[in-house]
Amino acid sequence: MSEHKSDFLKTVIERGYMHQCTDLAELDNQAAQGVVTAYIGFDCTAPSLHVGSLLPIMMLRTLQKTGHKPIVLMGGGTTLVGDPSGKDESRKMLTEADIQANMDSIKQVFAKFLTFGDGPTDAVMVNNADWLKGLNYIDFLRDFGPHFTINRMLSYDSVKLRLDREQPLTFLEFNYMILQAYDFLELNRRTGCALQMGGSDQWGNIVNGVELTRRVDGKEVFGLTTPLLTTSSGAKMGKTAAGAVWLNAEQLSPYDYWQYWRNTEDADVGRFLRLFTELPIDEIERLEKLEGQEINEAKKILADETTRMCHGEEAAKAAHATAQKTFEQGQLGDDLPTIEVTKAELEQGIPAFAALVKAGLCASNGEARRLIKGGGGRLNDKAFGSETDTVTLADLNADGVAKLSAGKKRHALLRAI
């Protein structure tokens, strides 16, 4: 049993959310005595966040469910600069219009995990462009530049990685950590925010904010990071052979999202149930002990729970039913990703490798050719004989549909129009 007093830290530690904390005992005291306001920042580099951002979102949800106030900080200002953390090269520069469009799209996902409103523990969303874009550069340098030493900034992993590999780190990106530290100071002044959370790669940036707030305003604030998540085989969370695992349904269908979790490695099932669902710990302990074929039932529960939270009850049920039809009953599930092609294209014949790319099952013609050569490309559950085999009208069933597969677990339907 955790020796911590606050429900927040008990839950955070019990479920495996915590990696580092600046002053655990004092944060625990404050969380036990009253409402702590905490934030996590999300830059707007794409139209959707991906599964790699799900752990921070679950942290905000846990914070709120244990009686505290979450702030979602949208990085409308910092995205203009670009965070070098964890990156081998500079991010692509985005226009303000791109950033605004991405922000509008990203916002949708938070309402599924958090309760927004005006109450003491209701979540709020703010945009750091509101204060960063109006800064006077000379005044900012004079007020805050003396609190940062180049010596220390050069010691951070995000900077050392680039320098060790002799890859350029622009002065623009070098400013990012100062701006992120200033965000914490600004949020503390505006809202009384006392805690910044983030991934372990953000530790240096978070500590900068804690120290800047103490030095400039004499306020005690805290930093808490989550572990860097990889799968048991060492793969980074949020990436598959087909691309990123997006949280927005427009970027990735609820069925494909469900399948991502269903395909979790056996050794990761218990850890992912703790981190990404709200099942009771004793139920998780029962599920993670399952072995052999039975562990697949735990994976389906993981997929159901994560999909329900992100896409709703109906989408989770539909994805589960589609998977059951497709894998267990040998039928074509209603919810499989579907591409439409003209009858004229099918009369001419679509090369096997092109059909797999068109269906989104392979990222390139080369990848599709290799899949087929290895026996992993299938049409209606039969392996293609050659990469130049064609998909024609004769391959469609009575409903005008053919099933394409990449390996045993990824499928799509091709429909004639």
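Strand β2 (residues 37–43) and strand β5 run parallel and are joined by two bridges; strands are counted as paired if DSSP finds at least two bridges between them. Helices (H or I, at least four residues) and strands (E, at least two) are DSSP runs, numbered from the N terminus. The model is a predicted one, in which local features need pLDDT of at least 70 and side-chain atom pairs count only at pLDDT 80 or more, while totals for chains, interfaces and linings use all residues. Residues are numbered from 1 along each chain as its sequence is written, and side-chain values use heavy atoms, with hydrogens and water left out.

Together, β2, α3 and β3 form a right-handed β-α-β unit; a crossover is right-handed if, with the strands pointing away from the viewer, the path from the first strand over the helix to the second runs clockwise. Six of the seven residues of β2 are buried, and the strand is mostly covered. Here buried means under 20% relative accessible area, exposed means over 50%, and partly exposed lies in between (1.4 Å probe, protein chains only).

Strand β5 (residues 195–199) is likewise mostly covered, with four of its five residues buried. Five bridges connect β5 with strand β6 (residues 222–226), and the two run parallel. Met197 is paired with Leu224 in β6. From β5 the chain passes through helix α11 (residues 203–217) to reach β6, in a β-α-β crossover that is right-handed.

A further group of five strands makes an open sheet, in the order β9-β15-β14-β11-β12, with mixed pairing. Its edge strands, β9 (338–341) and β12 (382–383), each pair on one side only. Strand β11 (residues 377–379) pairs with β12 in the antiparallel sense over two bridges, and Arg378 stands opposite Ala383 in β12. Strands of a sheet pair through backbone hydrogen bonds, either parallel or antiparallel.

Helix α10 (residues 176–191) has 16 residues, and at 1.5 Å a residue it should span 22 Å; its end C-alpha atoms are 22 Å apart, in agreement. The expected span is 1.5 Å times one less than the number of residues in the helix. Of the 16 residues of α10, 13 are buried, and the helix is mostly covered. Gly192 follows α10 and has a positive phi, near 75 degrees.

The largest nonpolar core contains 67 residues, and Phe110, Trp261 and Phe276 have the most contacts inside it. Helix α3 (residues 54–65) gives the most to this core, with seven residues. Another core, of 27 residues, lies apart from it and includes Phe140, Val159, Ala181 and Tyr182. A nonpolar core is a set of buried Ala, Val, Leu, Ile, Met, Phe, Trp, Tyr and Cys residues joined through side-chain atoms within 4.5 Å. When neighbours within four places in sequence are left aside, Phe110 is in contact (heavy atoms within 4.5 Å) with Phe42, Leu49, Ile57, Val72, Met74, Phe116 and Met125.

Met103 lies in helix α4 (residues 96–113) and is buried, with a relative accessible area of 3%. Not counting residues up to four places away in sequence, Met103 touches Cys44, Met74, Gly76 and Asn127. Met103 and Asn127 are 24 residues apart along the chain, and their C-alpha atoms are separated by 9.5 Å. Asp130, in helix α5 (residues 129–132), is exposed, at 55% relative accessibility. Asp130 and Gly76 are 54 residues apart in sequence, with 8.3 Å between their C-alpha atoms.

A search of the whole structure finds zero disulfides, a disulfide being a pair of cysteine sulfur atoms within 2.5 Å. For Cys21, the closest cysteine sulfur is that of Cys193, which at 13 Å is too far for a bond. Cys21 is buried, at 18% relative accessibility, and Cys362 is also buried, with a relative accessible area of 6%.
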